[in-house]
Amino acid sequence: MIRCDAMDLLLTNLRIATMAGPDYGVIENAAIAIEGGRITWLGPLADVPDVDATERRSLDGRWVTPALIDCHTHLVFAGDRSGEFEQRLRGASYEDIARAGGGIMSTVKATRDASADELYSAALPRVLALQAEGVGTIEIKSGYGLNIESELKMLSVARQLGDATSATIRTTLLAAHTVPPEFADDADGYIDLICNELLPEVVAGRLADAVDAYCESIAFSADQVARVFARAAELGLPVKLHADQLSDSSGAALAAEFGALSADHLEYASADGIRSMARAGAVAVLLPGAFLTLGETQLPPIDALRAARVPIAVASDCNPGTSPICSIRNAMMLGARLFRLTPEECLAGATREAARALGLEDRGTVEVGKRADLAVWEISHPRELAYWIGTPQLAELVTGGHTTPP
Ligand code: DI6
Ligand code: FE
């Protein structure tokens, strides 16, 4: 039971989209009390507890939502792939580019060559850009190192970004992103390296909060992913999966089999895979930025996900190859326009369901007991957050009860 017998901050004259109930969970003419970085009371302004607040501030009728959460990014990387983008628009195929040393491997080379400081300096503006959109929590994957030293380097840079900013950074080991050149003819040997050497070091250094893999014909088989996931489970790390992005690789079912927090992409997920996810409680993380950039035409099975009541999250998938989009607002906008998610699904997908996809129960809605991670908006209704394209609208970001300066 949360007691409200003291307040660090009382925010008044606001409207809340709590995302904790139907129709955005709206509370009009409201107030929110914050103590010790947590929400200790919320409700109609007329019912505010008679407690002295250290600070009392009116938000002049503005809307408040949970701070946004970007639950799927690859935002630590070096190098640039805009040249590939231009090549593709001139007709080159992925295969041509990959054969010429482009694609993921071009980012891997640049990331291996970059120092930790260079990776940090390149990634910090991406974190700040997300925060400027109202993002309080960001997931950052490794996966451009593909050897022990560079994967550890990426994860420690991601941890540093959390230490240096007011964002909560959750890190994910994605060493099973693609087969590195040193193991070109021995993918299983690379899986051995991940399971027997890299994962134990990552756990010992507390460098990752979860483990991810790319289950796809151009990456790793279900059996290879299963070996990584079994080892992650032995070491106590939850898993998530890049699943069924380019083909039905049974990724959704594999994610469900291992109790994954989420299965991500899912354009080619099967009905059986969706049923498995529903039974396992896995979140579907949809990544419209990659769908758009790849020129994909196969939509994720959104109606089937809805019918099976699989929670749907939306994320940027910020990466230099398939989703050069460092914007959760644009991911929400694309979720509505490309995937025809409703504005409420888009906002839930970047708050409540994104928190669930990261296994974080202390955020994602505006409720008593949750972290005081709040976004204050210059909008007339929360639906605008998936409606406007490229319009900032953030008035204030509060994380852990403290305002993050713009
Ligand atoms: N799926 C993707 O779309 C990205 N990784 C993955 O597993 C591609 C990353 C890149 O092209 O750099
Ligand atoms: Fe991704």
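Which strands each supply at least two residues of the lining of the largest cavity? They are strand S5 (68-70) and strand S6 (135-141).

## Basis of the model

This is a predicted model, in which local features need pLDDT of at least 70, side-chain atom pairs count only at pLDDT 80 or more, and totals for chains, interfaces and linings use all residues. Residues are numbered from 1 along each chain as its sequence is written, chains are lettered from A and ligands numbered from 1 in the order in which they are written, and side-chain values use heavy atoms, with hydrogens and water left out.

## The cavity

The structure holds 1 cavity of 30 Å³ or more, and the largest cavity has about 30 Å³ of space. On a 1 Å grid over the protein atoms alone, a cavity is a set of points where a 1.4 Å probe fits but cannot get out, while a pocket is an open set with protein on both sides within 12 Å along at least five of seven lines; lining residues have an atom within 4 Å of a point. Grid points are joined across faces, edges and corners, and a volume is the space filled by probe spheres set on the points.

Ala67, Leu68, Ile69, Gly136, Thr137, Arg363, Gly364 and Asp373 line the largest cavity. By class this lining has 3 nonpolar, 3 polar and 2 charged residues (Ala, Val, Leu, Ile, Met, Phe, Trp, Tyr, Cys and Pro count as nonpolar, Asp, Glu, Lys and Arg as charged, and the others, Gly among them, as polar). Helices (H or I, at least four residues) and strands (E, at least two) are DSSP runs, numbered from the N terminus.

Histidine 72, in the loop between S5 and helix H1 (82-89), and histidine 242, in strand S9 (residues 240-243), link distant parts of the chain, 170 residues apart.

Histidine 72 counts as buried because its relative accessibility is 0%, and histidine 242 counts as buried at 3%. Buried means under 20% relative accessible area, exposed over 50%, and partly exposed in between (1.4 Å probe, protein chains only).

The largest pocket has a volume of about 640 Å³. Of its 27 lining residues, Tyr94, Ile104, Tyr214, Ile218 and Leu246 are the closest to its centre. Helix H2 (94-99) and helix H3 (104-113) each supply at least two residues of this lining, and H2 gives the most, with 5 residues. The lining has 10 nonpolar, 11 polar and 6 charged residues.

The second largest pocket has about 310 Å³ of space. Its lining includes Leu305, Arg306, Glu344 and Arg352. Helix H11 (302-307), helix H13 (343-349) and helix H14 (352-357) are the elements that give two or more residues to it. By class, this lining divides into 5 nonpolar, no polar and 7 charged residues.

## Glycine 25

Glycine 25 lies in the loop between strand S1 (7-17) and strand S2 (26-35). Glycine 25 is buried, with a relative accessible area of 12%. Glycine 25 and valine 366 are 341 residues apart in sequence and 9.1 Å apart in space, C-alpha to C-alpha.
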